[in-house]
Amino acid sequence: MTERARHWQYDELPGVDLLRARYVRKTFVRHTHENFVIAAIADGVEVFHHGGGDQYAGAGALALVNPDTPHTGRAGVPEGWRYGAVYPSVDVVAEIAAETTALRGTPGFVSPVVDDPYAVALVHQVLRAADEGNALAADTLLRVAVTRLLRLNGGPMPRREVRTAGTRIAARARGVLEERMALPPTLEQLAADLGTSPFALLRAFRDAYGMPPHAWLTDARVRRARRLLDLGTPPSEVAVAVGFTDQPHLNRHFSRMVGVPPGAYQRERKNVQDPR
């Protein structure tokens, strides 16, 4: 089976990314998203590591991931999986929750998998409406889908509070890596600057962010790369700006986290802004 993916935006759905894909051999490494993930499985099975264990989402189910939550992705059956996904921002989901639910605080999803063929159909209808340029339908169906999922599976988002010396050190390390993304220190240098040992820093960082510093840095580079590509920066310049050695290095990591190469990602997201 041929693998294919389209990652795009629709101007009339601000703050929402859209995706249609079929994957067979594709494996997503551990990564995070700035937005919510609402992935509606049409065929096959997706397996994703989330919250300390593997989760299975088959046809008629949704894979739901909160922002900044590390997870992976791979096929759970030989034929892979086909799905459509919407990625609404935190602000979009919070606005919908405030209007249509009794949730207080920042809303999020409680369970990473929900079996609900009706909500799956709604997600695919959002994508179809966006393809057809039907703004009223796309906006309406998105709000209905998010409201339904929040009522079925919503709760307050867990808050990360700095309570220990280890989590404070991890937060400081993250700040350094964000500032020095293109030229990061070694683990030993970073630990020394923060007054701790490399092993203690590694353990604290993994406990706080769900992945070691080097994996978090790669994830952060790809997230920044997406923002630069959305601004129209050429992939070759993006690679250098975020700290990858060259464009093939960016291509490899970007594809393993986003699902499409940076060039294809940028073309799709640019094309939908052009007149139909």
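Start by selecting strand S4 (residues 37–50) together with S7: the two run antiparallel and are joined by three bridges. Strands and helices here are DSSP runs numbered from the N terminus, with at least two residues (E) for a strand and at least four (H or I) for a helix. Two strands pair if DSSP finds at least two bridges between them. Show Val47 and look across to S7, where its bridge partner is Arg74.

Pick Phe28, and its bridge partner in S7 is Gly73.

Before going on, bear in mind that this is a predicted model, where local features need pLDDT of at least 70 and side-chain atom pairs count only at pLDDT 80 or more, while totals for chains, interfaces and linings use all residues. Residues are numbered from 1 along each chain as its sequence is written, and side-chain values use heavy atoms, with hydrogens and water left out.

Step back into the loop between S6 and S7 and select Asp68. What is the phi of Asp68? It sits near 60°, a positive value in a residue other than glycine. Most residues other than glycine have a negative phi. Asp68 is partly exposed, at 30% relative accessible area (the classes are buried under 20%, exposed over 50%, and partly exposed in between, with a 1.4 Å probe and protein chains only).

**Stop three: the cavity**

Rolling a probe the size of a water molecule over the atoms shows where empty space is left. A search of the whole structure turns up one cavity of 30 Å³ or more. On a 1 Å grid over the protein atoms alone, a cavity is a set of points where a 1.4 Å probe fits but cannot get out; a pocket is an open set with protein on both sides within 12 Å along at least five of seven lines; lining residues have an atom within 4 Å of a point. Grid points are joined across faces, edges and corners, and a volume is the space filled by probe spheres set on the points.

The largest cavity holds about 200 Å³ of space. Select His33, Glu46, His71, Tyr83 and Tyr87, the closest to its centre of the 19 residues that line it. The elements giving two or more residues to this lining are S3, S4, S6, S7, strand S8 (81–88) and helix H9 (247–258). S4 has the largest share, with four residues. By class, the lining of the largest cavity counts 11 nonpolar, six polar and two charged residues (Ala, Val, Leu, Ile, Met, Phe, Trp, Tyr, Cys and Pro count as nonpolar, Asp, Glu, Lys and Arg as charged, and the others, Gly among them, as polar).

**Stop four: a pocket and its arginine**

Move to the second largest pocket, with about 330 Å³ of space. Asp17, Glu34, Asn35, Arg226 and Arg269 are the closest to its centre among 21 lining residues. Which element supplies the largest share of this lining? That is H7, with six residues. The lining splits into six nonpolar, seven polar and eight charged residues.

Zoom in on Arg226, which lies in helix H7. Is Arg226 buried or exposed? Arg226 counts as buried because its relative accessible area is 16%. Leaving aside neighbours within four places in sequence, Arg226 is in contact (heavy atoms within 4.5 Å) with His7, Asp17, His33, Phe254, Val258, Tyr265 and Arg269.

Strand S1 (residues 4–9) and S2 run antiparallel, joined by six bridges. Their hairpin has six residues between the strands, and Gly15 takes a positive phi near 80° there.

**Last stop: the nonpolar core**

A nonpolar core is a set of buried Ala, Val, Leu, Ile, Met, Phe, Trp, Tyr and Cys residues joined through side-chain atoms within 4.5 Å. The largest one has 34 residues, and Leu13, Leu18, Ile38, Leu62 and Val86 have the most contacts inside it. H2 gives the most to this core, with eight residues.

Select Leu62: beyond four places in sequence, the residues it touches include Ile38, Pro112, Val123 and Leu149.

Finish on Ala138 in helix H3, which counts as buried because its relative accessibility is 0%. Not counting residues up to four places away, Ala138 touches Tyr10, Leu13, Val126, Ala129 and Ala130.
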